[in-house]
Amino acid sequence: MSNIAKVLSKRQDRGEGLGTNEKAIPFNKQDYQTLKQECLAKKTLFCDPTFPAESDSLGYNELGRYSSKTRGVQWKRPKELCSNPEFIVDGAKRTDICQGALGDCWLLAAIASLTLDNAILERVVPPGQSFIEDYAGIFHFQFWQYGEWVDVVIDDRLPTRDGKLLFVHSAEGSEFWSALLEKAYAKLNGSYEALSGGSTTEGFEDFTGGIAENHDLSKAPPYLFKLMQKALTLGSLLGCSIDVSGLYDQNLISRYEKFYFTITIYLDIITSSYETEAVTSLKLVKGHAYSVTGAEEVHSYGRLVQLVRIRNPWGQVEWTGPWSDNSKEWNSVQPEEKAKLDYSGEDGEFWMAYSDFIQQFSKLEICNLTPDTLSSEDASRWNYNQFEGNWRVGSTAGGCRNNPATFCSNPQYVIKLEEEDDDPHDGEDGCTILVGLMQKDGRKDKRFGRDLNTIGFAIYKVPDEVCMSSTCFVHKSNRRRQT
């Protein structure tokens, strides 16, 4: 590793584990235990001064102070909404997440995937929180932000209208962990409105610190189904969506771009408003984020059929094609196999053939967990490094490759690949490298009308005559947004 890389790799030198999931940094310098004990001693319920129960916490435009969408909104604690509120009922489940009047299906799809692995869930939703024991109206959640875990404290006053939660809610009316998690994430990003529109990838990475990859399903490689199975086995989080062609919408840009992709790959995701989230004849929703929760094979008429399980965060509107709930295809499957797959239920979750999946959906997102997240001894380990830096005008802001005179001044990192993959899913020998590039505070800046910058990077192999080992350069570049 180069000297500059050593300087920038702050994660490797954190003192006393500060910023790790086990020792998260208090967001806004609010310490959960200290605040809770103060409330218990005073016998008062916590009211968060940094994210008050006011219109500014809702939003700035569509959910702003004078918007018709915020009329009649009242902030209420769960104990004002039901007689016996609970934080989590019988364990967190995918069906606990039902979308409300906020366009954050991307976030809810990520939360639904989070419930598939309790160990990962507890990194985000610390256990032991309750509306009974030592209740003080205060809760906390942890999120990964740009290389560090932060602990976000909130009070439990939630926006409601006509006595019902305005945003995310559980199908179980007395359960509130998902609504409180959404509020904590809204606080982290400045407001509820800041969560409107996005990519499931962003939620995945903020919940795990992992690195995501995108697959264009129109060009799905032959090994993709097995890759999905392996990813689910390792606890990776998966999401999918159906693109709609047409106009550009900044809201669906992810702040994370992988390999040679730049933000411009999202330019054709959104069309006019009447097509966005339009329901197809087979009850799939365009421009909508789903979570992928299973990939299995079943025996049907003597042959193996590959199936994918998908969940709509609305908690309703399900696929009605082959292998949907109670479709005739299930009659060919033995009862013991059907019982294992939980194939029927009006919960927004459904199965479909993998062949239909790659035909109907446009994009698959997989978030690969970092080594510190993997708890299974059977999981393959991999090396992880993180670098922080910036582009400075006049020194390191070299622009894209259209600027040959200055391009070489962009930050560069040397990476040496020494070990081959143990079990390559594509059958080819080699060492896999996954690179992620992010920019900070994109959601907070939305209220000021600021767009994300167009950024990207290039990867070069060092010629053998220069270095006889397998080495490559990761070369970051910046440029102005082109319209």
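**Note on a predicted model: salt bridges, a sheet and its helices**

1. R309 and E349 form a salt bridge, with 3.7 Å between the closest N and O atoms. R309 belongs to strand β11 and E349 to strand β12, so the pair ties together parts that are 40 residues apart in sequence. R309 is buried, and E349 is buried too. Keep in mind that this is a predicted model.

2. The structure holds seven salt bridges. One of them joins R157 to D155; here the closest N and O atoms are 2.8 Å apart. Both of these residues are buried. A network of salt bridges links D155, R157 and K183.

3. R65 also forms a salt bridge, with D56. The closest N and O atoms of this pair are 3.7 Å apart. D56 is partly exposed, and its relative accessible area is 42%.

4. Now the sheet. Six strands make up an open sheet, ordered β7-β13-β8-β10-β11-β12. The pairing is antiparallel. β7 (211–216) and β12 (349–353) are at the edges with a single partner strand each, so one side of each has no neighbour in the sheet. On average, neighbouring strands of this sheet are turned by 35 degrees against each other, direction ignored.

5. Look next at β8 (residues 237–241) and β13 (residues 363–368). These strands run antiparallel and are joined by five bridges. L237 has C367 in β13 as its bridge partner.

6. Two helices deserve a look here. Helix α8 (residues 200–208) packs on the sheet and touches β7, β8, β10 (289–300) and β13. The direction of α8 makes about 10 degrees with that of β13. Helix α9 (residues 224–233) packs on the sheet as well, touching β7, β8, β10, β11 (303–311) and β13. The direction of α9 makes about 110 degrees with that of β10.

7. Which residues of α9 are buried? They are L224, F225, L227, M228 and A231. Seen down the axis of α9, these buried residues fall within an arc of 160 degrees, so they line one face of the helix. K226 and T233, on the other side of α9, are exposed.

8. What do the buried residues of α9 pack against? Their partners are β7, β8, β10, β11, α11 (354–360) and β13. After α9 comes G235, which has a positive phi near 85 degrees.

Terms used:
Residues are numbered from 1 along each chain as its sequence is written. This is a predicted model: local features need pLDDT of at least 70, side-chain atom pairs count only at pLDDT 80 or more; totals for chains, interfaces and linings use all residues. Side-chain values use heavy atoms; hydrogens and water are left out. Two strands pair if DSSP finds at least two bridges between them. Helices (H or I, at least four residues) and strands (E, at least two) are DSSP runs, numbered from the N terminus. Axes are lines fitted to C-alpha atoms, for helices over the stretch in contact, and angles run from 0 to 180 degrees between N-to-C directions. Contact means heavy atoms within 4.5 Å. Buried means under 20% relative accessible area, exposed over 50%, partly exposed in between (1.4 Å probe, protein chains only). The arc is that of the directions from the helix axis to the C-beta atoms. A salt bridge is a side-chain nitrogen of Lys or Arg within 4 Å of a carboxyl oxygen of Asp or Glu.
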